[in-house]
Amino acid sequence: MSRTISGSTTGPVVLNSLTDNPLTITSAGTVTSSGSSDGIDGGSNGATWTIGNAGQISASGGAGISLATS
């Protein structure tokens with residue numbers, strides 16, 4: 001199954017390998033995270049992630065995208 005972000009989303013977006021892979025962020029999509037959180041967090045479940053980003057990902061204190069595996 002896949003997930004598409006095409007609007008404004010407050011992070012962190014914690015990815016689930018069953019429902020969020022691949023992840024697509026359209027040109028109208030934004031992920032914004034404040035504090036020490038990452039914008040997008042892939043976790044450590046052994047997934048190989050596919051992320052397509054045409055939008056904007058920002059995190060004021062963490063990483064824009066943090067993937068613990070492939």
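These legends walk through a few close-up views of a predicted model. In this model, local features need pLDDT of at least 70 and side-chain atom pairs count only at pLDDT 80 or more, while totals for chains, interfaces and linings use all residues. Residues are numbered from 1 along each chain as its sequence is written, and side-chain values use heavy atoms, with hydrogens and water left out.

**View 1. Asp20 sits in the loop between strand S3 (13–14) and strand S4 (23–25).** Strands here are DSSP runs of E, at least two residues, numbered from the N terminus. With a relative accessible area of 7%, Asp20 is buried (under 20%, using a 1.4 Å probe and protein chains only). Leaving aside residues up to four places away in sequence, Asp20 touches Met1, Arg3, Val14, Leu15 and Trp49 (contact means heavy atoms within 4.5 Å).

View 2. One of its polar atoms lies 2.8 Å from the backbone nitrogen of Asn16.

**View 3. Three strands make an open, parallel sheet in the order S3-S6-S9.** S3 and strand S9 (65–66) are at the edges with a single partner strand each, so one side of each has no neighbour in the sheet. Strand S6 (residues 40–41) pairs with S9 over two bridges (pairing takes at least two bridges found by DSSP). Asp41 has Ser66 in S9 as its bridge partner.

Note on methods: Helix = DSSP H or I, 4+ residues; strand = E, 2+ residues; numbered from the N terminus. Buried < 20%, exposed > 50% of the residue type's maximum accessible area, 1.4 Å probe, protein only. Polar contact = N/O pair within 3.5 Å; in protein donor to acceptor, adjacent residues only side chain to side chain.
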